[in-house]
Amino acid sequence: RESDHRAWTPVSYTVTRQNATVQGLTEGKAYFFRIAAENIIGMGPFTETTKEIVIRDPITVPDRPEDLEVKAVTKNSVTLTWNPPKYNGGSDITMYVLESRLIGKEKFHRVTKEKMLDRKYTVEGLKEGDTYEYRVSACNIVGQGKPSFCTKPITCKDEIAPPSLDLDFRDKLIVRVGEAFSLTGRYSGKPAPKVTWLKDYTVVKEDDRTKIKTTPTTLCLGILKSVREDSGKYCVTVENSTGSRKGFCQVNVVDRPSPPVGPVIFDEVHKDHMVVSWKPPLDDGGSEITNYIIEKKDAHRDMWMPVTSATVKTTCKIPKLLEGKEYQIRIYAENLYGISDPLISDEMKAKDRFRVPDAPEQPVVKDVTKDSAVVVWNKPYDGGKPITNYIVEKKETMATRWVRVTKDPIFPGTQFKVPDLLEGCQYEFRVSAENEIGVSDPSPPSKPIFARDPIAKPSPPVNPEAVDKTKNSVDLSWQPPRHDGNGKIIGYLVEYQKVGDEEWKKANLTADSCPETKYKVTGLTEGLTYKFRVKAVNAAGESEPAYVPDPVEVKDRLEPPELILDANMAREQHVKAGDTLRLSAVIKGVPFPKVTWKKEDREVSPKADIEVTGVGSKLEIRNTVHEDGGIYSLTVENPAGSKTVSVKVVVLDKPGPPRNLQVSEVRSDSCYLTWMEPEDDGGSVITNYVVERKDVASAQWVAISSSSKKRSHMAKYLIEGTQYLFRVAAENQFGRGPYVETLKPIKAIDPLHPPGPPKNLHHVDVDKTEVSLVWNRPDRDGGAEITGYLVEYQEDGADEWTKFQTVPMLDCVVTGL
């Protein structure tokens, strides 16, 4: 029966097997079935199926998935997609199994362990350069179906394509205020490029009016209800690892201009006309102002009258006014996109009020130099409007054209320093005054002047003094005068006078022979006393003299020696053996001192190079050795005294040989070495000792220790019976010193001791004149083989033992008793 019916329908009455085929069922409907057994007696009870059975084809595994495609490849990943099988086997797909095979291998390996129902998967962690092929299978409740057809072999490498950009807009775009606009285009590139929008080099951000939409292949920037501030240079950048492309668009959002900027200025007011001016609008609406529309009206009437509608200047003459009436002016700005709101002026009465200033009086010229002059004038009547500027003009006396001396305003001062005059030329000057109405007539010209510096004699030189002297000369020095009189100092005149005389003698005849601020006066007489004075000279003449304060006695001056030590003359100087020792000092003294170098109060080594100059002395020893160390002294001496300095020089070298090498505790396989440190450590701490040994029969020394800091060493691993020599050297940071060697060979044997007493001595036979003795070996042989036994006898009662003989064996017959 059908599951939603109650009536049962017979299928067969003659089934003798335990199965039956039910035909004529409707696919998709649910049925219950029941079976009864029958014999000749009758039919038994029915057995019914426990749950309904839906009629459909038998369930199989799914077909193979379709359209397996590679969507993206990088150096370490592959992204794949596929479509489901055409037939799912009669049961829902429960998962997909993705498999890969490395080209060159036979087997496919499952890529995913987890249950995967998505039809897209990225295989990661691959090795760059490897080549794979992929296949995918679908699973349902029955099992895994056939795999899809394999992909082509895929090599893991980054897909690279530089960005491309195809724009739908041009370089320029004009948009009316309130309208929307969009910038669109297409792009591509691998890896997928990053898209960035900039406006005037600033990143564009989305807001209520600004929308950015980017798909994998298209880009779009849209702006709703544009405003003037949206104007600017827009740039879209498409960039990936291989490069970038840019597109530009200059967007101009246009509108009618804002009103002209007030206030309206009445530059001129007359009885029948006015001249007004204003400033351009702050915002021209993105389009050039094509003209201004100017209108006028009587302040007491409502009708505006046109003045002009075709001016681009920001000033305008308002004509045809009636004297005494008050007027208002209004001004519109116009561009291609419309007319602004108006700017309206205050009321202004038409009448003559002002005029240009009067001409100034004749100016006066003062403080003339070779390239400038100061022009001074008095303020004229200003014509009713404040003076805003003075115009100063110049001309050469013989010329006809007046030239303005500066374009900058000259106000409020009534004097001006005129620059850039030509030295030696004659000039005249005149002045005009200017107010809002205009420029006055010029003043009468000034009196002519020549452009040249006024020159006066210089002031005296400063602080003349005698800085040195000998038995026939005096060196003078001074500083330039404080004032050069506006003329270049040509030089100086030096004069001298013997004390007691009245006449001053010239040391130099012309000033240009002494251009500097020092001079050596020569040809003086030893023992006499002189006065000195100096004059400065310029083109105007000689200055007053400046005197050296005190008379100077002409004689050699004495200065005791002075030593200025160089850094290499510090208290202690270290130099490495083989390097160059340099000692030097600067020497002063008058007369120049005698220089003496000594080492330990004796003459320095002949290998030392000693150099004495007029300013100092230097001692140099090349290829220093340890013996060059010691205390060096430098003595300088002249009649005024002497001075000595000393420096301790340490030549750093390898140490000397160790002392007193001793060998003790000799054994068959070892011995103990001891020594004392070297007398000379080479100027540096002993870092370690090197100990070596040599078999007497061998030519080769063998190191047995190279890092010992102690002054002793146990020489181990000797071969018994072999004779050895030992040697020791000390090392410091500059190297290894000479070896000290044992005087005689050392034999590796254990030390010898006397043997123990023989054991169990007794006689075995006695005769009237002899005795036969036997004994056993002693317990110890003293470290060496027993060579014999000494036999002695003593008469009973006597004190002395009598030697009989030495026998090699363990028995002896003593005779002669």
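Predicted model: local features only at pLDDT ≥ 70, side-chain atom pairs only at ≥ 80, totals over all residues.
Strands here are DSSP runs of E with at least two residues, numbered from the N terminus.

**The largest pocket**
- A total of 34 residues line the largest pocket.
- If you want to find its centre in the structure, look for Val11, Ser12, Arg34, Ile35 and Ala36, the lining residues that lie nearest to that point.
- β2 provides the largest share of the lining of the largest pocket, with five residues.
- Sorted by class, the lining of the largest pocket contains 17 nonpolar residues, eleven polar ones and six charged ones.

**The second largest pocket**
- The lining of the second largest pocket is made up of 15 residues.
- Closest to the centre of this pocket are Ala72, Gly189, Lys190, Pro191 and Ala192.
- At least two lining residues come from each of β5 (66–73) and β14 (181–190).
- β14 makes the top contribution to the lining of the second largest pocket, giving four residues.
- Seven residues of the lining of the second largest pocket are nonpolar, four are polar and four are charged.

Notes:
Residues numbered from 1 in each chain as written. Heavy atoms only, no water. 1 Å grid on protein atoms, 1.4 Å probe; cavity = no way out; pocket = protein on both sides within 12 Å on 5 of 7 lines; lining within 4 Å. Nonpolar A, V, L, I, M, F, W, Y, C, P; charged D, E, K, R; others polar.
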